[in-house]
Amino acid sequence: MAVAIKELHTGREVTELDPTAFRPNPDELAFLQKETGIEDRDELVKHVVTTQQEVYRSRPYYCIRQFFFTRLQIARHPEYDYVLSIAKTDKDATFLDLACCVGTDVRKLVADGWPGHHAFATDLHTDYWDFGHKLFRDKDRCQVRFLGGDFFADDVLRIDEPLNTWTLYNLLFWPQTRLANLNDLKGQLRALFSCSFFHLFDLPTQQTLADRVALMLSKKPGSIAFGSHLSCGPGREPGELYGLPWLHNPQSWERLWDREKFECRTEMRRTEEFLGGHPDSGEYKDLGEYYSLVWSVRRK
Ligand SMILES: C[S@@+](CC[C@H](N)C(=O)[O-])C[C@H]1O[C@@H](n2cnc3c(N)ncnc32)[C@H](O)[C@@H]1O
């Protein structure tokens, strides 16, 4: 990168990207090798770094600079095995990765057994999904259907619009059917994953978000929304922290969910990682200890 780029949010002037920030763990490396078909480690690193540079030029975020998009967050979640088991018992089960970025987590779920044509992903920025195809070299074989758009917007999900069962049928049985909006999956999802998304918003917006997530989930008992994001940490009041509008503790988080309808499982974990980043990236060390909220809500 010859010219300095002003990083979004951090405001940092970045003149050079550091390729050594790409430090996949063995599982991440094996996953990338398998999905891209690039076995040779050096060649794979070159491919990932080239793709990252391209993504960063268009979306200069800290998380892209730190290669967070190569992490397998979903597989580390305590509910991961349970979620995989849903697809084994319910052949029509659908899954959504909400705010998927390049779509690494949804691809991991599919690689581990969730049928690709019953897996969906959505993000505000469609170009992330295009970069995902570049990264995984799978445009011609990826079965996951993606919708670009603002999850809060009516053209993505309308609260008052009834489910069109005919489009749902088409989506499930015709893998070529385009996902035109999320109304087509309303009340149908058996599992929804959302990582590092809620903490981007203030408390009232998080409540709206939780309500929209609940609207997407199937009423079948055991249907689950799960994910993780930064927490305020023990001994601190929920609120604004690290420049993020509202971080929770488990109690304040669970107040977002209707406890009559959902069983909440929430834990706060000390983490060496800031927003899933690499422990030795160093940049956020001055912020002290940080904690993530690892959560799930299951339909009763
Ligand atoms: C911090 S990233 C997390 C990405 C991914 N889930 C992960 O864990 O690596 C937040 C994501 O939320 C997406 N996003 C932000 N606002 C959104 C909105 N209103 N609707 C849908 N996606 C949104 C961004 O484009 C970005 O991909």
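Two strands pair if DSSP finds at least two bridges between them. Strands are DSSP runs of E with at least two residues, helices are runs of H or I with at least four, and both are numbered from the N terminus. Keep these two terms in mind on this tour.

**Before you start**

Residues are numbered from 1 along each chain as its sequence is written. The model is predicted: local features need pLDDT of at least 70, side-chain atom pairs count only at pLDDT 80 or more, and totals for chains, interfaces and linings use all residues.

**Stop 1: confidence**

Colour the chain by pLDDT, the predictor's confidence in each residue, from 0 to 100. The chain averages 92, and 94% of the residues score at least 70. Now select residues 276–280, where the pLDDT is below 50. Beyond near neighbours in sequence, this stretch has 11 contacts in the model. A contact means that the C-beta atoms of two residues, placed from the backbone, lie within 7 Å. Where pLDDT is low, the predicted coordinates should not be read in detail.

**Stop 2: the sheet**

Select strands S5, S4, S3, S6, S7, S11 and S10. They form an open sheet of seven strands in the order S5-S4-S3-S6-S7-S11-S10, with mixed pairing. Look at the edges: S5 (145–148) and S10 (262–271) each have a single partner strand, so one side of each is left without a neighbour in the sheet. The twist averages 15 degrees from one strand to the next. Angles here run from 0 to 180 degrees between N-to-C directions, and axes are lines fitted to C-alpha atoms, for helices over the stretch in contact.

Next, show helix H5 (residues 104–111). H5 packs on the sheet and touches S3 (94–98), S4 (119–123) and S6 (189–195). The direction of H5 makes about 175 degrees with that of S4.

**Stop 3: strand S11**

Zoom in on S11 (residues 290–299). S10 and S11 run antiparallel, joined by 10 bridges. S7 (residues 224–231) also pairs with S11 in the antiparallel sense, over eight bridges. Then pick tyrosine 291 in S11, the bridge partner of arginine 270.

**Stop 4: a hairpin**

Select residues 239–241 and 244–247. These are S8 and S9, an antiparallel pair with two bridges. Glycine 239 stands opposite leucine 247 in S9. Two residues lie between the strands of this hairpin. Tyrosine 242 in the turn has a positive phi of about 50 degrees.

**Stop 5: two domains**

Colour domain 1 (5–70) and domain 2 (74–299) separately. Their bounds come from an automatic or database domain assignment. The C-alpha centres of the two domains lie 22 Å apart. Across the boundary, 17 residues of domain 1 are in contact with 19 residues of domain 2. On the domain 1 side, helices H1 (26–36) and H2 (41–58) are the elements that give two or more residues. H2 gives the most, with five residues.

**Stop 6**
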